[in-house]
Amino acid sequence: MKILITGSKGFIGKNLLLHLAERKDIEVICFTRSDSSADLPRILNQVNFVFHLAGINRPKDPADFTAGNSNLTRELCTAIKNTGRHIPVVYTSSTQASQNSPYGVSKRAAEDALFELREHASNPVYVFRLPNVFGKWCKPNYNSAVATFCHNIARDLPIQVNDPNAELTLVYVDDVITRFLQLMDGANPAPNADGFDTVTPQYKITVGQVAELLHTFRNSRNTLITAPVGTGLVRALYSTYVSHLPPELFSYAVPKYGDPRGVFVEMLKTPDSGQFSYFTAHPGITRGGHYHHSKTEKFLVIKGQACFKFRHMHTHETHELVTNGEHPEIVETVPGWTHDITNIGEDEMVVMLWANEIFDRSKPDTFACPL
């Protein structure tokens with residue numbers, strides 16, 4: 001299957017290209033600003049599907065809106081019609097097409113040309129009036145406040161928030177690409193009441209909330225407390241923020257606490273799912289020797305050999321087990337049992353540790369009681 005992408009060097013185009021490159025059944029032909037519209041008839045005779053992503057949104061001369069949006073789209077539609085083939089077209093318009101700005105007028109004229117192609121030539125046409133699209137490779141200081149905020153905050157530069165209560169409607173670029181590929185692969189269109197296809201989910205959030213979240217992401221390197229970045233809008237914003245980090249900020253140091261027994265390093269803390277850390281112990285060293293009322297922990301020996309000992313604080317029942325890094329096994333501490341861990345091997349022991357709550361020095365729920 002041969003695919004034509006106009007505007008392949010743009011933000012959405014770069015993401016689409018990467019997804020298509022992962023497939024073995026797709027050959028892509030790119031049309032960029034360096035190409036001539038006179039080449040469109042020749043190209044279109046080869047392709048089975050068109051992603052029309054090219055457009056002008058910040059020209060030096062407002063007349064370029066017409067040339068880069070409406071005129072190019074009309075030339076594309078004419079070339080498609082002249083092939084006599086029903087080549088489907090996906091077009092990225094904008095919510096601003098409903099406005100009477102020069103940009104909005106040019107995008108609406110492009111939409112009209114495509115709808116005319118659909119009506120008179122029966123070509124499948126899918127027009128998306130996209131709101132604010134964000135994600136990796138979006139250009140800062142261009143057409144996305146999210147990209148600008150991510151770029152500046154990652155570099156500890158100031159951002160400008162004129163109205164923190166202003167509401168944004170956001171769509172994540174991966175969700176845009178997912179919908180595009182569904183249509184390419186034959187999915188049924190899902191037009192809204194106005195006849196435009198849509199991308200879901202769409203997120204409503206204020207400018208101030210976006211800025212606050214992004215500052216939270218930056219500060220997490222100091223506090224080690226991460227936001228819940230596994231789902232939804234926060235996941236997408238976090239991915240976007242990290243994508244704007246310069247290579248020199250790909251890594252960061254975390255505190256290391258050492259004593260004659262070994263070292264202890266905290267890696268990550270969460271507001272509601274505890275914290276992750278690791279520690280080491282020299283041969284013969286015992287760590288622990290305490291109990292908890294409510295706190296629980298999971299230990300995973302990733303190097304060396306460990307002996308875990310437990311004693312019930314009420315019945316004095318005891319339990320002992322041995323694990324090693326060659327055979328991964330989680331050992332879980334239980335409230336009301338004092339416990340310790342001893343390195344019984346000949347080399348340094350390294351143990352990964354998860355606790356179900358962030359350590360609170362004012363209420364540590366950790367009480368010394370050697371076995």
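Helices (H or I, at least four residues) and strands (E, at least two) are DSSP runs here, numbered from the N terminus.

A few friendly notes on this one:

1. This is a predicted model, where local features need pLDDT of at least 70, side-chain atom pairs count only at pLDDT 80 or more, and totals for chains, interfaces and linings use all residues. Residues are numbered from 1 along each chain as its sequence is written, and side-chain values use heavy atoms, leaving out hydrogens and water.

2. His316 sits in the loop between strand 14 (305–312) and strand 15 (318–324). Although not a glycine, His316 has a positive phi of about 70°. His316 is also exposed, at 52% relative accessible area (buried is under 20%, exposed over 50%, partly exposed in between; 1.4 Å probe, protein chains only).

3. Ser122, in the loop between helix 4 (102–121) and strand 5 (125–130), is not a glycine either, yet has a positive phi of about 60°.

4. Do look at the cis peptide bond from Thr200 to Pro201, with omega near -5°. Pro201 belongs to the loop between helix 6 and strand 8 (203–206).

5. Leu170 touches Pro201, and its other partners include Asn132, Phe134 and Leu233, not counting residues up to four places away in sequence (contact means heavy atoms within 4.5 Å).

6. Helix 7 (residues 207–223) and helix 8 (residues 232–243) pack at an angle of about 60°, with axes 10 Å apart; axes are lines fitted to C-alpha atoms, for helices over the stretch in contact, and angles run from 0 to 180 degrees between N-to-C directions. Leu213, Leu214, Phe217 and Arg218 of helix 7 meet Val234, Leu237, Tyr238 and Tyr241 of helix 8.
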